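Dear colleague,

Please find below the structure that I am handing over to you.

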Amino acid sequence: MKSFTQKEVENNVFKIFDLVKNGKNILIKSDRDQENLAVIIPYKKYKSKGYRQLGILEGKASYKIAKDFETSDEEILDL
């Protein structure tokens, strides 16, 4: 995942759009303390049903959620 500070986003917005268009996730950090603020993901990933980023296992692992499985994000995070 490529990261940009707020100022870099302002100066490179078209480059960022191209990266996202080509399937890259973008991390936005604050200028002052480098705190993670947001992630921009390609719309296809966002829109795909059941998308959950696997972090360090992205591209190395996979999963499938059964169609009858029902739970909220809060329930999963409380496990």
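In what follows, helices (H or I, at least four residues) and strands (E, at least two) are DSSP runs, numbered from the N terminus. Please note that this is a predicted model.

Overall fold

The protein contains four helices and three strands, and their order along the sequence is β-α-α-β-β-α-α. Its radius of gyration is 15 Å, well over the 12 Å that the globule rule gives for 79 residues, so the protein is more spread out than a compact globule. The C-alpha trace spans about 45 × 25 × 20 Å along its principal axes. Of the 79 residues, 14% are buried. Among contacts between residues at least 6 apart in sequence, 32% join residues at least 24 apart. The protein exposes about 7000 Å², of which carbon and sulfur atoms supply 53%.

In soluble globular proteins, nonpolar side chains tend to be buried together. Here, the largest nonpolar core consists of five residues: Phe-4, Ile-16, Val-20, Ile-26 and Ile-28. At least two residues of this core come from helix 2 (13-21), and at least two from strand 2 (26-29). Which residues does Ile-26 touch, not counting those up to four places away in sequence? They are Met-1, Lys-2, Phe-4, Ile-16, Leu-19, Val-20, Ala-38, Val-39 and Ile-40.

Thr-5 and Gln-34

Thr-5 lies in strand 1 (residues 2-5). Its relative accessible area is 14%, and because buried means under 20%, Thr-5 counts as buried. Leaving aside neighbours within four places in sequence, Thr-5 is in contact with Lys-29, Ser-30, Asp-31 and Gln-34.

Most residues other than glycine have a negative phi. Gln-34, although not a glycine, has a positive phi of about 60 degrees. With a relative accessible area of 40%, Gln-34 is partly exposed.

A nonpolar surface patch

Tyr-63, Ile-65, Phe-69 and Ile-76 make a nonpolar surface patch of about 360 Å². Of these residues, Ile-76 is found in helix 4 (residues 73-77). Is Ile-76 buried or partly exposed? Its relative accessible area is 32%, so Ile-76 is partly exposed.

Yours sincerely,

A colleague

Technical notes. Residues are numbered from 1 along each chain as its sequence is written. This is a predicted model: local features need pLDDT of at least 70, side-chain atom pairs count only at pLDDT 80 or more; totals for chains, interfaces and linings use all residues. Side-chain values use heavy atoms; hydrogens and water are left out. A nonpolar core is a set of buried Ala, Val, Leu, Ile, Met, Phe, Trp, Tyr and Cys residues joined through side-chain atoms within 4.5 Å. Buried means under 20% relative accessible area, exposed over 50%, partly exposed in between (1.4 Å probe, protein chains only). Contact means heavy atoms within 4.5 Å. Patches are made of residues with over 30% relative accessible area and no salt bridge: like charges are joined within 9 Å, nonpolar side chains (Val, Leu, Ile, Met, Phe, Trp, Tyr) within 5 Å. Accessible areas come from the Shrake-Rupley method with a 1.4 Å probe; for residues, only the protein chains shown count as cover. A salt bridge is a side-chain nitrogen of Lys or Arg within 4 Å of a carboxyl oxygen of Asp or Glu. The radius of gyration is taken over C-alpha atoms; the globule rule is 2.2 Å times the number of residues to the power 0.38.
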